[in-house]
Amino acid sequence: MKRKLGALEKVDADLPNLQHKLKIDPRSYEQDFVNQYSQYRSLKELFLQSPTTTDDSGIVRLRDLVDFVSHTADCYPKLTTAFPLDLVELLDLHHATLDPELRDKLVGALVLLRRKETIDSVQLLDTLWPLLLKTPSKNLRALLFQKILSDLRTSNQKATNHKLNRHIQSKCFELIVSDPTSAKGLWAVKLTRELWKRQIWSDAKAVSVMKEAALSQDAKVVTGGVRFFLGGDQEREEAAAEEDTDDEGNIDMGKLRHQAGINKKTGKRANELRTAAAKVKRKEKKKNSPHQLNFSALHLLHDPQGFAEELFQRHLQPAQPKVRLVLEQKLLVLQLVSRLVGLHKLTLEPLYSYFIKFLTPKQPSVTSFLASLAQSAHSLVPPDILEPLVVKIANEFVSEASAGEVASAGLNSIREICARQSLAMSDTLLQDLVQYRKSKDKGVQMAARGLLSLYREVGADLLRKRDRGRDAAMGLRIGEKQTARFGEVGIGEIEGLELLEKWKEEQGIDSEADEEAGWNNWDAESDSDDDGEGWINVESDGEEIDISDSEDEREKKAKAAAKAEPTFEAQQSAGNTPAATTPASSRATASLEPEAALKREESRISRLATTRILTPADLAKLNELRSTAAVTAALPATKRRKLLAAQTAAASSRHADDPLTAAQISGLSAHSYKATRQEKIAMAKEGSREEGGNDHRSTTARRKEKKESEGKSTSNKEKERKKNFLMTLGKAKRKGKRSLTQERAILKGHVERRKRGGKRGNKGQ
C-alpha cells in the first residue's frame, strides 16, 4: 500500500513526464488527466474565494497545473471547454493582486491555446487589449503589448487577415475618439506605428487612426500621431532594407555541400544544411514574388484640406487651447501642416501670416521654421502672400552685417521658396541677392549662386543681362525660356522628355522598332479577353484615324491629302474665292496670332508624347538622362563651381514629395563648426576599408582575404612557406641524401598519384 501511494505521489509531482505520455497516447491516460484537471478546478475555486490569503505552495501548484492543462487541452477538447474562460476570469478580476509569475503564466497559457487553435485571435486579443489599458503593472503592460503584436504578425504571416485587422483597428479608433484627453490612446499609436513599420497595416484605416491621434487633446498622443506622418514611411523603408540585408546572408550552398561530403556525417550538420537550403529557397521565393505597392501615409488621407485646417486651428492658433504643447512639439505640428499644404497644394492663407513673427535670426530653431515655410509654398499660392515673407527673410537674414551662417540660411530658404513659386520674387530684390555670390564666405557664395542658377531656368528675364548666362539669354531670344504665369499647369507634360527624344535622334533609333523591342522583355501578361482583331479606328471630326499608324505614315497621309486639295490660286481661277468682306491686313492680323500661338504650343509638345507609349526601357533611360542633365547643366570650370553643381544637382533631383530639413536650409554652414573627437573618428572611418572606403592593400592581400571569407584553404606552397623552420630541417636533410633510384621512385609515385586524382583517387568527384 505504501508503494502504491508513493507511485501516485510521484505521478502527481512529475507533470512534465505525464504531459509527454498524454501527447503520445491520450486515450490510455485520460483518467490521469481527469484527476489533474479536478485538482486544478479545486485549487482555482479556493483561490477565487480568498486570492490574497492563498499560501505560496498553493500558488505554485496552481501555476504548474495551469501550465499542464494548457499544453494538453487540445487532446481533450470536450473536457476543457471551460478552461479558457477560467483563465480570462482570473486575469480580468485579479490581475492587480495576482502573483507576477502566476499572472505571466496565465497570459502565456492563453497565447498557447491560441497557437493550438483552441481559441481564435479575436477572443485572445479581446482579452489582452482591455487588460493592457487598465493594468497598473509596467511589466505586465510590456508583456501584453508584445503578445498582441506577435499574434497580429502571426495571423497576417501567410495571408492578410482583413477581418482581424479591421476589428483591432476599430478598437484603436474607438479608444482615441471616445476619450481624446486620455493618455491611453498612446497604446493605439504604438501598435499602429509598429504594424505600419512591418507593412502589416498599410491601408487608409490605419491612417485614420493616426489622424485622430494627431487631433487628440493629449500632448504625448498628439506627438506620436504627428511623428507617424513625418517619419512612418521612412521607418517602413528602413525596416524593409534591414530585412533584405538579413535575407542576403552569405549562404554558399556549394561550400556547405562540399563540407557535408568530406566531413563526418552528423545529425547536426545535416540539419544545418537543410536549414540553409530552406532559407535560400525562401529568399528566392521572396525575390520572385510581386513587389508590394505601399502608398505614403500622407497620400492615404481622406480629407487633407480639413485635416490641415483642423491641425492648425487646434494646436497652432487655438482660441482656447485644450492641449499645451512645447516649442518642439509645435514645430512637429507645423512641419506636418506645411508638408500637407505643399504636397497636396492646399490653400491655407492663415498659415503664412503665422510665420511672420518667427522669421528672425534670434528665434530658437529658426531653420526649422524656414524649412516649414519653404515646404508650404507651391505653385498655387498667390505671389502676393509669399512676397512679403521673402522680403522679411531678406531684410532680417541677408545683409553685409549678418553672419555667414545667417545669410546662407536666409538665401537657401529664399531659394527653396522660389523653387516652388518663382513669382514670389521681384526683379529688384533678386538682382540685389544675386550680388552676394561675390561674398568671401563660402556658404553665402554657394547659396547666392544656387539662387542665380535657379532663376536662369525659371525666370531669366528678372536678371540683368550680364547675369543671365549664355543658355538663358539664347532661350529668351528664341522664346524657349518664358516665365510661367500664376496658376499655369502643364497638361500632359513629362519632365525631361525632350532629352529622351534628342538621345533617340542622336542614336538613330527607329521609334516603332524600339517600342516593340522595349516591350518584348517586359513581364506583363496580355488580357485574356483580347479578341486579337488589331487596333480600333477612332473617329475624330468626322474622319477615321487608325491609331496603329506611325507618325511618319500619318505625315505622309496628311501631305497626300494636302496635294489633293486645290490651292488658293486654283480656287481663284475657278471663281470660288470667298467674299472679301474683311480687309486683308485685318484678316492676316487676326489669323497670325492664333497661328503663332499654335506654333508655340506645338513646339513645346514633344513628338514622343503624342506618337507612342513609353516602354519601361524608355522610362529607365529617361531617369538616367535626367540625372546626367542635372549634373552637367550647371557644371562650371573651377573647383568651387563643381561644388555648386553638385549642390544644384542634389536640389533639382530631390522629389517634390520629399521633406525639407533644417540641415538643408543651413547649407554649408552646418559643417562650419569645430568637429568633436567622436565626429572626427566617424569621418576617418568613412574612408577606411571596413566602411567601404579606399583599400590600399596589395592584390595578394585582397585575394587572401577573399579566400578566407569564402572559407577556402591556402595552397601547399603557402603552407610550406608558413611552416615552422625547425620542422622542415629533417625533410631537407633527407631530401639532400636521396639516391638517384630513390628520386626516380618518388617521381614515379608523384606521376601516378596525379593520374588517379591524388591519394584518395577522388578526382572529378
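Are F33 and F68 buried or exposed? F33 is buried, and F68 is too; buried means under 20% relative accessible area, exposed over 50%, partly exposed in between (1.4 Å probe, protein chains only).

This is a predicted model: local features need pLDDT of at least 70, side-chain atom pairs count only at pLDDT 80 or more, and totals for chains, interfaces and linings use all residues. Residues are numbered from 1 along each chain as its sequence is written, and side-chain values use heavy atoms, without hydrogens and water.

Start with the rings. Rings of Phe, Tyr and Trp (its six-membered ring) pair if their centres lie within 6.5 Å; planes under 30 degrees apart count as stacked, over 60 as edge-to-face and the rest as tilted. The count comes to 13 aromatic pairs. F33 and F68 form a tilted one, 6.1 Å centre to centre with 40° between the planes. F33 lies in helix α3 and F68 in helix α4, so the pair ties together parts 35 residues apart in sequence. Helices are DSSP runs (H or I, at least four residues), numbered from the N terminus. F33 and Y76 have ring centres 4.5 Å apart and planes at 20°, so this pair is stacked. One aromatic cluster holds F33, Y37, Y40, F68, Y76 and F83.

Now the core. A nonpolar core is a set of buried Ala, Val, Leu, Ile, Met, Phe, Trp, Tyr and Cys residues joined through side-chain atoms within 4.5 Å. The largest has 133 residues, and L191 and F229 touch the most other members. Helix α16 (residues 327-344) gives the most to this core, with nine residues. A second, separate core of five residues includes L497, L614, L622 and L625.

Key:
Helices (H or I, at least four residues) and strands (E, at least two) are DSSP runs, numbered from the N terminus.
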